[in-house]
Amino acid sequence: MKTSEVDDAKETNGNLVQGPLPAGTVAPNFTLYATPDQQLSLRELKGNPVILAFYPADWTSVCGDQLTLYNQLLPTFREYGAALLGISVDSAWCHQAFARDRSFHFSLLADFEPKGAVARQYEAYESHLGVCKRALFVIDKEGVVAWSYVSPMAINPGADGILDALDALANSSQSTPTKN
């Protein structure tokens, strides 16, 4: 374990538990299924902010409420030029049915096989349960993690942290002087 990982680790019942991939880290690229026959890569979205919402499972009440809130906030996220991606270990088929049932208008990506491989890269995998943690990331237009947060499994983290991070990104890009 690197020194920075040790600093970010917490001890729970004698076991080290890592936090999410911290701000300032280059976001690992990935390619996952968005539908049973279409894939999406993070690098395709470079140039715009990206919100990654890792969540434990489709069809659960807290996950459904969380993703429904984000679906309602899509117009606000888009004002920042941000794309929203939901990620869990459920299959693309399961995501397709869940998204259709809930009328989601953003991609749900299947971190299905190898199970949780992308979540592990983001330090957002709960190995003893075999699911993604409820973890949020805002990635800047250059592909760097600007903000990250892991919520307790049973708690909907809401969107305040995401909106604050998007505000900070928007303000930092406005205050950056342009060169002639």
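Predicted model: local features only at pLDDT ≥ 70, side-chain atom pairs only at ≥ 80, totals over all residues.
Residues are called buried when their relative accessible area is under 20%, exposed when it is over 50%, and partly exposed in between, as computed with a 1.4 Å probe on protein chains only. Residues are numbered from 1 along each chain as its sequence is written, and side-chain values use heavy atoms, with hydrogens and water left out.

Helices (H or I, at least four residues) and strands (E, at least two) are DSSP runs numbered from the N terminus, and two strands are taken to pair if DSSP finds at least two bridges between them. On this basis strand E3 (residues 31-35) and E4 pair in the antiparallel sense over four bridges, and the two strands form a hairpin with two residues between them. Leu 40, which lies in strand E4 (residues 38-41), is the bridge partner of Leu 32. With a relative accessibility of 15%, Leu 40 counts as buried. Its contacts (heavy atoms within 4.5 Å), not counting residues up to four places away in sequence, are with Phe 30, Thr 31, Leu 32, Ala 34, Leu 45, Leu 85 and Leu 109. Of these, Leu 109 stands 69 residues apart from Leu 40 along the chain, yet the C-alpha atoms of the two residues are separated by 8.0 Å.

E10 and E11 form a hairpin with five residues between them, and Gly 143 in the turn has a positive phi of about 90°.

Rings of Phe, Tyr and Trp (its six-membered ring) are paired if their centres lie within 6.5 Å, with planes under 30 degrees apart counted as stacked, over 60 as edge-to-face and the rest as tilted. The structure holds nine aromatic pairs. One of them, between Phe 54 and Tyr 122, is tilted, with 5.6 Å centre to centre and 45° between the planes. Because Phe 54 lies in strand E5 (residues 50-54) and Tyr 122 in the loop between helix H5 (117-121) and strand E8 (125-126), this pair ties together parts that are 68 residues apart in sequence. The rings of Phe 54 and Phe 137 have their centres 5.7 Å apart and their planes at 80°, so that this pair is edge-to-face; it links strand E5 with strand E10 (residues 134-139), the two residues being 83 residues apart. Phe 54 is buried at 0% relative accessibility, as is Phe 137 at 0%, and Tyr 122 is likewise buried. Phe 30, Phe 54, Tyr 122 and Phe 137 form one aromatic cluster.

Ser 91, in the loop between strand E6 (83-88) and helix H4 (92-102), is buried with a relative accessible area of 18%, and a polar atom of its side chain lies 3.1 Å from the backbone nitrogen of Cys 94. Ser 91 also touches Ala 110 and Phe 112, when residues up to four places away in sequence are not counted. A cis peptide bond with omega of about 0° joins Glu 113 and Pro 114, the latter lying in the loop between strand E7 (107-110) and H5. Ser 103, although not a glycine, has a positive phi of about 55° and is partly exposed at 41% relative accessibility, whereas Glu 123, with phi near 55°, is buried at 14%.

Definitions and conventions: Polar contact = N/O pair within 3.5 Å; in protein donor to acceptor, adjacent residues only side chain to side chain.
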